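Here's a short tour of one protein model, with an eye on its strands and its rings. Have a look at the sequence and the 3D view first, then read on.

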Amino acid sequence: MSGSAIDLNALFEAFNRHDAEAAVSFMTDDVVFETLGGAEVYGTRVEGRDAVRDAFAGVWAIFPDAHWETTSHRLNGDFAVSEWVFRGTGGDGARIEAEGVDLFTLKGGKIASKRAFRKQRPPIPA
C-alpha cells in the first residue's frame with residue numbers, strides 16, 4: 001500500500017500541541033526514530049511506538065515551547081520529506097531557531113521510520 005495516505009500536516013499539528021499520543025498514532029508499532037544527536041553516526045536510534053512517544057515527551061520537557069513551522073511536505077509513494085524551522089527555549093532561557101528536515105519511510109499509510117536532521121546553530125542567548 002502506498003504511504004501517500006498519511007497527513008503530515010496533522011502529524012506536525014500534534015507535535016506543536018505536544019501531544020505525543022496523537023503523534024505516535026501516525027506510526028507503526030515497530031517505528032524507528034533516529035534522533036538529531038547521539039553517539040552513533042545516525043544519532044540515537046529509538047525503536048517502538050512507546051519508546052518514540054517517550055522520546056518526544058523528553059524533547060518537550062527540555063523545550064516547553066517547542067514549535068515546528070513546516071515549510072513543505074513532499075510525498076512519493078512510501079517516502080516522505082518534511083522541511084521545517086524549529087524554535088524552542090531551553091531551561092537556561094537560550095533559544096534555538098534552526099531549519100531542519102525529517103525523512104520518513106512509510107508502510108501501510110503509517111510512518112515506519114523517521115530520520116531527523118537539523119542545522120547546527122549556536123543557541124540565541126537569553
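## Rings that pair up

Let's start with a rule: rings of Phe, Tyr and Trp (its six-membered ring) count as a pair if their centres lie within 6.5 Å, and planes under 30 degrees apart are called stacked, over 60 edge-to-face, and the rest tilted. Keep in mind that this is a predicted model, where local features need pLDDT of at least 70, side-chain atom pairs count only at pLDDT 80 or more, and totals for chains, interfaces and linings use all residues. Residues are numbered from 1 along each chain as its sequence is written, and side-chain values use heavy atoms, leaving out hydrogens and water.

By the ring rule, there are seven aromatic pairs. Take Phe12 and Phe15: their ring centres are 5.1 Å apart and their planes sit at 90 degrees, so this pair is edge-to-face. Both belong to helix α1 (residues 8-17), and being three residues apart there puts about one helical turn between them. Helices here are DSSP runs (H or I, at least four residues) and strands are too (E, at least two), numbered from the N terminus.

## A buried cluster

(Buried means under 20% relative accessible area, exposed over 50%, and partly exposed in between, using a 1.4 Å probe and protein chains only.)

Phe63 and Phe86 make another edge-to-face pair, 5.4 Å centre to centre with 80 degrees between the planes. Phe63 lies in the loop between α3 (49-62) and β3, while Phe86 is in strand β4, so the pair ties together parts 23 residues apart in sequence. Phe63 is buried at 14%, and Phe86 is buried at 1%. Ring pairs link Phe12, Phe15, Phe33, Phe56, Trp60, Phe63, Trp68 and Phe86 into a cluster.

## Strand β4 and its partners

Now follow strand β4 (residues 79-89), where eight of the 11 residues are buried. Which way does β3 (residues 67-76) pair with β4? The two are antiparallel, with nine bridges (strands pair if DSSP finds at least two bridges between them). Arg74 stands opposite Val81 in β4. The β3-β4 hairpin has two residues between its strands, and Gly77 takes a positive phi near 65 degrees.

On to strand β5 (residues 95-107): 11 bridges join β5 to β4, again antiparallel. Here Thr89 stands opposite Arg95 in β5. The β4-β5 hairpin has five residues between the strands, and Gly93 in the turn has a positive phi of about 90 degrees.
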